[in-house]
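Please open the model in a viewer and keep a selection panel at hand.

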Amino acid sequence: MSSSTPYLLPLVLSACVLLTGCYAPIESFDPNRIYAKRMELETGIEMQPAVEEVRGILDDLFGTPDQPKWPEFLVASEELGDLVSVERLTRAAGPISSDEEGTHFGLYRKHCIAC
């Protein structure tokens, strides 16, 4: 038994976890905490209540990452009602997956969210 054997099993298990991935639903996207902290330091006003209020408003208007939606007042608008397809929005913003026909879902999360 070589001296590297005790380290081999954890390394292989870690690689398996990383390669297979794991999906955990995202309840909401994190707010920009750095900006909120900067505003808190500049103004002396605690920003956490405002951050929570804005998160609630955004969730009410646009849904959650796993269940996005288009605001009702925009859907009802004759000029803007056809601007966004809710089906395409859900496909782009929802969980990362593919169906049997090769249609990909979660493209925003896969390619854009890091930026």
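The tour begins with the whole chain and then moves to individual selections.

**Before selecting anything**

This is a predicted model, in which local features need pLDDT of at least 70 and side-chain atom pairs count only at pLDDT 80 or more, while totals for chains, interfaces and linings use all residues. Residues are numbered from 1 along each chain as its sequence is written, and side-chain values use heavy atoms, with hydrogens and water left out.

**Stop 1: the whole chain**

Helices (H or I, at least four residues) and strands (E, at least two) are DSSP runs, numbered from the N terminus. Traced from the N terminus, the order of elements is α-α-α-α-α-β-β-α.

Accessible areas come from the Shrake-Rupley method with a 1.4 Å probe, and for residues only the protein chains shown count as cover. Of the 115 residues, 14% count as buried; buried means under 20% relative accessible area, exposed over 50%, and partly exposed in between (1.4 Å probe, protein chains only).

Contacts (heavy atoms within 4.5 Å) complete the overview. Among those in the protein chain with a separation of 6 or more, 31% join residues 24 or more positions apart.

**Stop 2: helix α2 and its salt bridges**

Select residues 33-43, which make up helix α2. How many salt bridges does a search of the whole structure find? The search finds 2, a salt bridge being a side-chain nitrogen of Lys or Arg within 4 Å of a carboxyl oxygen of Asp or Glu.

Show the side chains of Lys37 and Glu40. These residues form a salt bridge in which the closest N and O atoms are 3.3 Å apart. Because Glu40 and Lys37 are 3 residues apart in helix α2, about one helical turn separates them. Both are partly exposed: Glu40 has a relative accessible area of 23%, and Lys37 one of 44%.

Next, show Arg38 and Glu42, whose side chains meet in a salt bridge at 3.4 Å, N to O. Arg38 and Glu42 also lie in helix α2, 4 residues apart, about one turn of the helix. Arg38 is partly exposed at 46% relative accessibility, whereas Glu42 counts as exposed at 56%.

**Stop 3: the second largest pocket**

The pocket holds about 170 Å³ of space.

The search uses a 1 Å grid over the protein atoms alone, where a pocket is an open set of points at which a 1.4 Å probe fits, with protein on both sides within 12 Å along at least five of seven lines; lining residues have an atom within 4 Å of a point. Grid points are joined across faces, edges and corners, and the volume is the space filled by probe spheres set on the points.

**Stop 4: the nonpolar patch**

Select Val54, Ile57, Leu58, Leu61, Phe62 and Phe73, which form a nonpolar patch on the surface with about 540 Å² of accessible area together. Patches are made of residues with over 30% relative accessible area and no salt bridge; like charges are joined within 9 Å, and nonpolar side chains (Val, Leu, Ile, Met, Phe, Trp, Tyr) within 5 Å. Helix α3 (residues 48-62) gives the most to the patch, with 5 residues. Phe73 lies in helix α4 (residues 72-75) and is exposed, with a relative accessible area of 56%.

**Stop 5: C-alpha distances**

Select Thr64, in the loop between α3 and α4. Thr64 is partly exposed at 26% relative accessibility, and its C-alpha lies 9.1 Å from that of Ala93, 29 residues apart in sequence.

Finally, select Arg88 in helix α5. Arg88 is exposed, with a relative accessible area of 65%, and 9.2 Å separates its C-alpha from that of Phe105, 17 residues apart along the chain.
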